[in-house]
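Here are my notes on this model, point by point. Please read them with the structure open.

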Amino acid sequence: MFDSLSDRLGGVFDKLRGRGALKEQDVRDAMREVRIALLEADVALPVVRRFVDQVTEKAVGQEVLRSVTPGQQVVKIVNDALIETLGGETTPELDLNANPPVVIMMVGLQGSGKTTSTAKIAKLLKEKHGKKAMMASLDVNRPAAQEQLKVLGEQVGVATLPIIPGQQPTEIATRALQSAKLQAFDVLLLDTAGRLHVDQQLMDEMKAVSAISAPRETLLVVDSLTGQDAVNVAQSFSGQVDLTGVVLTRMDGDARGGAALSMRAVTGKPIKFAGTGEKLDAIEVFHPSRVANRILGMGDIVSIVERAAETIKIEDAEALAKRMEQGKFDMNDLRMQLKQMQSMGGLGALAGMMPGMKKAKAAMQASGMDERVLLRMDAIIGSMTIKERANPALLNAKRKIRVANGSGTQVQDVNKLLKMHMEMSKAMKQIKKMGGLKGLAAMFGKGGLDAAMPGLGGAMGGAGGIPDLSKFGKK
């Protein structure tokens, strides 16, 4: 989502880092460019002014300008200011500390993704918090809105309140509360009606529902692609309803990011969740520090580790680690790694979270590479025989033609995959010579991989063991 902002800020900071010493004017010139980048990203003007003034005041201090690495110091100051703007170091969580059923009321305009977000949060509460949740649709205006929530409930395995035609929102809320109490549900999520714009009728309806259900959390769902309009909507709602947090949808889009950067500063309400895709598991708890790191191209290793823990089977990881210890790495192992990358969101999602991978991602796009490259590579390995996968050296010219025809690719694609496998296999053998994974871990404290083993970083793709795919798919 923050690609354009991230690229602009990256260019500014590359100039600062490239200089041995900084003058006050250098910092002020850089801050002017930061101001322009934030305004272009559709960040609210008062937020931009406050942000730039705060950063400039700290960055032109003697401690920074006279330090050994002034450029890095300025980046750190900007990073700290971004974290503060996005909500601070603490990650806001749902307040479920109340007598069950804890009521969560979802509010927002029509088309913001409110119903889908309700189902996503219910799924999250069920799977990650072990809560017994129920959902109820109070939207009697939009055709089939209640049926939509019922279908989503079936998909995520969460109960929904049975539909009784003709009931009003307040009646549905009363029935939902009684039903949740009788069936001992931990959490009740109320999906309220939306409108195309904020009006008094909508606000009165929400106040009436709130008075009946006494929600512990009132979450405003806004579409991040609408930029400053999202912030204006949030201001309108917060003036009428006692909001406890914001859910930003479509954070995976190509928006400029202004809504996320302005929301907390303008409304005073924390962003609690970010919708990152159409699938019902595509929702993340909003971590201000991780988002700030992504904006500045520092990566988000913690999120990668969490995503890996959710998607990669422990036994598969242990089996691969064992083979690495022995210096073994065949096509089956490579295929397992490619599948793990797919299940973690594909190349684009991973590149956005890797430190310094922004430029690699741009290079991949420039070479015409896309997400389908993983599928093509999997198809090539799938066209090999069991013996060929275990021993790729068997693949002579005739066999390569058969594999290429079977996978719908070119022989040169097969050759590129074999070359990538050979480089990774060499890397595994080097790891074995160094004393296995324990020896490798020790090297991180002694100047990193490149200092310990020149060339290994390239063989491993330069990103924590992820294969180097930059040459695959080029003609």
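1. Start with Ala274. Its bridge partner in E8 is Glu284. The model is predicted, and the points below should be read that way. Strand E7 covers residues 271–275 and pairs with E8 in the antiparallel sense, over 3 bridges.

2. The sheet as a whole comes next. It is open and has 8 strands, in the order E3-E2-E4-E1-E5-E6-E7-E8. The pairing is mixed. Strands of a sheet pair through backbone hydrogen bonds, either parallel or antiparallel. Strand E3 (159–160) and strand E8 (283–285) are the edge strands. Each has a single partner strand, so one side of each lacks a neighbour in the sheet.

3. Which strands does helix H10 touch? H10 (residues 228–238) packs on the sheet against strand E1 (102–108) and strand E5 (217–223). The direction of H10 makes about 155 degrees with that of E5.

4. Helix H11 is also placed on the sheet. H11 spans residues 258–267 and lies across E5, strand E6 (245–249) and E7. Relative to E6, H11 runs at about 175 degrees.

5. Now the helix pair. Two packed helices are described by the angle between their axes and the distance between the axes. For H10 and H11, the angle is about 25 degrees and the axes are 8 Å apart. That angle is under 35 degrees, so H10 is roughly parallel to H11. The crossing of H10 with H11 is right-handed.

6. Which residues make up this contact? H10 contributes Gln228, Ala230, Val231, Ala234 and Gln235. From H11 come Gly258, Ala259, Ser262, Met263, Val266 and Thr267. By class, the H10 contact with H11 holds 6 nonpolar and 5 polar residues, with no charged ones.

7. Strand E2 deserves a look. In E2, Ala133, Met135 and Ser137 point one way. Met134 and Ala136 point the other way. Residues on both sides of E2 are buried.

8. What are the partners of E2? E2 and strand E4 (residues 187–191) pair in the parallel sense over 5 bridges. Within that pairing, Ala133 stands opposite Val187. E2 also pairs with E3, in the parallel sense and over 2 bridges. There, Met134 stands opposite Ala159.

9. Check Gly87. This residue is found in the loop between helix H5 (70–86) and E1. Is Gly87 buried or exposed? Gly87 has a relative accessible area of 17%. The cut-off for buried is under 20%, so Gly87 counts as buried. Not counting residues up to four places away in sequence, Gly87 touches Arg264 and Pro288. The C-alpha atoms of Gly87 and Leu261 are separated by 9.1 Å, although the two residues are 174 residues apart along the chain.

10. Last, His421. It lies in helix H21, which spans residues 411–433. His421 has 7% relative accessibility and therefore counts as buried. Which residues does His421 contact, leaving aside neighbours within four places in sequence? They are Phe329, Asp330, Met331, Leu334 and Pro392.

How values were computed: Residues numbered from 1 in each chain as written. Predicted model: local features only at pLDDT ≥ 70, side-chain atom pairs only at ≥ 80, totals over all residues. Heavy atoms only, no water. Pairing = 2+ DSSP bridges. Helix = DSSP H or I, 4+ residues; strand = E, 2+ residues; numbered from the N terminus. Contact = heavy atoms within 4.5 Å. Axes fitted to C-alpha atoms, helices over the stretch in contact; angles between N-to-C directions. Parallel < 35°, antiparallel > 145°, perpendicular 65-115°, else oblique. Left-handed = near helix turned anticlockwise from the far one by under 90°. Nonpolar A, V, L, I, M, F, W, Y, C, P; charged D, E, K, R; others polar. Buried < 20%, exposed > 50% of the residue type's maximum accessible area, 1.4 Å probe, protein only.
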